[in-house]
Amino acid sequence: MMLETRHSIPEILSRQKLFRSLDALELGRLAKGTYEYRVSKNEALFQKGDIPRGMHLVIAGQIKLFLPAANGAEMIVHLAGAGDTFGEEAVLPQKPCPVAAEANRDTLLMVIDKQALILAMQHNCDFSNALMARMCERMCSLIENMETCVQLNSAQRVVQYLTQHAPIEADSFELELDSNKQTIASQLNLAPETFSRVLNRLSKDGYIHVKGRNIRLKNLNSLRNYAG
C-alpha cells in the first residue's frame, strides 16, 4: 500500500455520483477523515475477519471481494470498479469484515473514516439515502447471484452471465470480458475448466464466437431460451 497526496480529495469526491448531494463545506469536512492510497495488482487490502479502517471508494482499477476457503479456493462476491464503494456493511456497525479484498489490477482508492462518514450522513439526508440505496442494491445483487448458483446448472450460469449486459431487443451482441476466465468462473461458483468447457460447447453449437476476451453472442433469443 502506498499513500497518495497529489490530489484534492474534496474535488475527487465531488466527481463521484454518491457524493454529489454534499456541498463544499460538507465535502471538506468529509475529506478530513479521508485518505488516498494505491495498491498493486494482487496486493491484499484486508482479510476476512479484520476490523475495517473505513469505507473504501474505488477511483480507478478493480478490487476483488471474496470468501476464502481452507483449500485455497475462493468465491468471488463482488468486483468493485471505478466509482464503487465497499466495506460499509462492516464499518457502520463496526463488525469484522465478512469478506477478504485484493486488487485485481493496480488500483487507486480512498478510505473514509467511520466517524467522518456518520457525520456526513447525519448532516445530509440525501447522502444518507443514497448510501443506503447503494447497499440495498448490492444486497439484491448478492441474492440474485446466490439464486443463480443454487438453481441453475453450469451451462445456464455461463449463458446468463454472457447475456445479462446485452440490450433486450438486440439480435446479437459483442461482449468484451473485463476479467480473466478464472475470476469469472469464481463469480459463477464454477471451476475454471468447467467455464472453458461450457464456452467451447456453446461455440461448437454455434451460439457464440470466441476470440480471446471478445465473445460475439450470435443469437441472443436462442441463448436466453437456453438459460431457461
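This is a predicted model: local features need pLDDT of at least 70, side-chain atom pairs count only at pLDDT 80 or more; totals for chains, interfaces and linings use all residues.
Within helix 2, which spans residues 24-31, the residues Glu26, Leu27, Leu30 and Ala31 are buried. These four cover an arc of only 135 degrees around the axis and therefore lie on the same side of helix 2. An α-helix has 3.6 residues a turn, so residues three or four places apart point the same way. The partners against which the buried residues of helix 2 pack are helix 1 (9-15), strand 2 (34-39), strand 9 (107-112) and helix 4 (114-123). At the N-terminal end, helix 2 is capped by Asp23, a side-chain oxygen of which lies 3.1 Å from the backbone nitrogen of Leu25.

A further packing arrangement involves helix 6 (residues 154-163) and helix 8 (residues 192-204), whose axes are 10 Å apart and meet at an angle of about 75 degrees. Because angles of 65 to 115 degrees count as roughly perpendicular, helix 6 and helix 8 are assigned to that class. Helix 6 contributes Ser154, Ala155, Val158, Val159 and Leu162 to the contact, while helix 8 contributes Thr194, Phe195, Val198, Leu199, Arg201 and Leu202. By residue type, the contact of helix 6 with helix 8 comprises 8 nonpolar, 2 polar and 1 charged.

Most residues other than glycine have a negative phi. Asn42, however, in the loop between strand 2 and strand 3 (44-46), has a positive phi near 75 degrees. Gln94, in the loop between helix 3 (88-91) and strand 8 (100-103), likewise has a positive phi, near 55 degrees, and with 37% relative accessibility Gln94 counts as partly exposed.

Technical notes. Residues are numbered from 1 along each chain as its sequence is written. Side-chain values use heavy atoms; hydrogens and water are left out. Axes are lines fitted to C-alpha atoms, for helices over the stretch in contact, and angles run from 0 to 180 degrees between N-to-C directions. Helices (H or I, at least four residues) and strands (E, at least two) are DSSP runs, numbered from the N terminus. Angles under 35 degrees count as roughly parallel, over 145 as roughly antiparallel, 65 to 115 as roughly perpendicular and the rest as oblique. Contact means heavy atoms within 4.5 Å. Ala, Val, Leu, Ile, Met, Phe, Trp, Tyr, Cys and Pro count as nonpolar, Asp, Glu, Lys and Arg as charged, and the others, Gly among them, as polar. Buried means under 20% relative accessible area, exposed over 50%, partly exposed in between (1.4 Å probe, protein chains only). The arc is that of the directions from the helix axis to the C-beta atoms. A polar contact is a pair of N or O atoms within 3.5 Å; within protein, one must be able to donate a hydrogen and the other to accept it, and residues adjacent in sequence count only if both atoms are side-chain atoms.
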